[in-house]
Amino acid sequence: MNRLFKLQLLGPCVLFAATLCAELAALALQYVPSSELLWFLNLRVFGIFQRSHALLGDIVGIDGFQLFGVALPLFLLACLGLVAKARPAFTIATHLSAGYAGFLLYAWQAGAPTTAQASLGPIAVPTGAGLYVMATILGACLLSFATTHLLYFQAVGNEIGALGRWLRPRRTIASTHA
């Protein structure tokens with residue numbers, strides 16, 4: 001199997017792993033609310049998921065929806081695409097993963113307090129560990145997204161080449177003996 005085909009799994013896998021870690025850190029904080037490490041993880045490392053939960057909470061009021069309603073189905077769809085070697089499953093999983101990574105970025109921007117800056121518009125960028133988590137998720141999802149498109153362009157090129165070979169005039173037996 002092509003290595004690029006397997007690379008499509010990266011985005012949904014990273015998204016699932018980060019969402020799972022964020023949900024586990026939030027669950028652990030419920031049991032040990034005095035833990036400074038868990039507060040750091042929830043506020044600094046996985047703060048992007050808290051902001052997206054706040055935006056999603058207005059629409060979907062289900063606890064753990066980011067994990068069970070978004071990240072897990074995308075990961076399972078990508079695994080199905082890997083096992084069945086099905087391009088459509090990978091295409092859907094990588095596109096929706098990139099879309100959700102974009103939503104996480106939007107949630108970070110929407111949840112940031114606005115302050116006056118000497119620029120055209122305020123841009124909230126997470127710092128420290130939150131920046132690394134967001135960059136990893138966004139980078140992995142965009143890499144999977146780009147790989148999916150590259151593989152489709154390659155398949156289309158192969159089909160066009162096959163059509164060109166099929167349409168090329170055939171040499172007749174009489175012209176080869178002349």
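## An all-helix chain: core, pocket and selected residues

The protein chain contains eight helices and zero strands, and its elements run α-α-α-α-α-α-α-α from the N terminus on. The model is a predicted one, and every value below is computed from it. Of the 178 residues in the protein chain, 33% are buried. The chain exposes about 11100 Å², of which carbon and sulfur atoms supply 69%. Among contacts between residues at least 6 apart in sequence, 74% join residues at least 24 apart.

In soluble globular proteins, nonpolar side chains tend to be buried together. In this model the largest nonpolar core has 22 residues, and those with the most contacts inside it are L15, F46, F49, L104 and I137. Helices α2, α4, α5, α6 (87-110) and α7 (129-167) each supply at least two residues of this core. Apart from it lies another core, of six residues, which includes L9, F90, A93 and L151.

What does I137 touch, if residues up to four places away in sequence are not counted? The contacts of I137 are with V14, L15, A18, F49, A101 and L104, and both L15 and L104 are, like I137 itself, among the residues with the most contacts inside the largest core.

Helix α4 gives a further view of the packing. Its buried residues are G47, I48, F49, S52 and L56, and these pack against α2, α3 (36-45), α5, α6 and α7.

### The largest pocket

Rolling a probe the size of a water molecule over the atoms shows where empty space is left. The largest pocket holds about 470 Å³ of space. It is lined by 19 residues, and the closest to its centre are A22, E23, A26, L27 and G64. Two or more residues of the lining come from each of α2 (10-31), α4 (47-57) and α5 (65-84), with the largest share, nine residues, coming from α2.

| Residue | Relative accessibility | Class |
|---|---|---|
| T19 | 1% | buried |
| F75 | 17% | buried |
| L142 | 44% | partly exposed |

T19 lies in helix α2, and it counts as buried because its relative accessibility of 1% is under the 20% cut-off. Leaving aside residues up to four places away in sequence, T19 touches F49, Q66, L67 and A71; of these, F49 is itself one of the buried residues of α4.

F75 lies in helix α5, and at 17% relative accessibility it also counts as buried, because that value is under 20%. With the neighbours up to four places away in sequence again left out, F75 touches P12, C13 and F16. The C-alpha atoms of F75 and G11 are separated by 8.8 Å, although the two residues are 64 residues apart along the chain.

The C-alpha atoms of L142 and S97, 45 residues apart along the chain, are separated by 8.6 Å.

Notes:
Residues numbered from 1 in each chain as written. Predicted model: local features only at pLDDT ≥ 70, side-chain atom pairs only at ≥ 80, totals over all residues. Heavy atoms only, no water. 1 Å grid on protein atoms, 1.4 Å probe; cavity = no way out; pocket = protein on both sides within 12 Å on 5 of 7 lines; lining within 4 Å. Points joined across faces, edges and corners; volume = space filled by probe spheres on them. Helix = DSSP H or I, 4+ residues; strand = E, 2+ residues; numbered from the N terminus. Core = buried A, V, L, I, M, F, W, Y, C linked by side-chain atoms within 4.5 Å. Buried < 20%, exposed > 50% of the residue type's maximum accessible area, 1.4 Å probe, protein only. Contact = heavy atoms within 4.5 Å. Areas by Shrake-Rupley, 256 points an atom, 1.4 Å probe, with all protein chains shown as cover.
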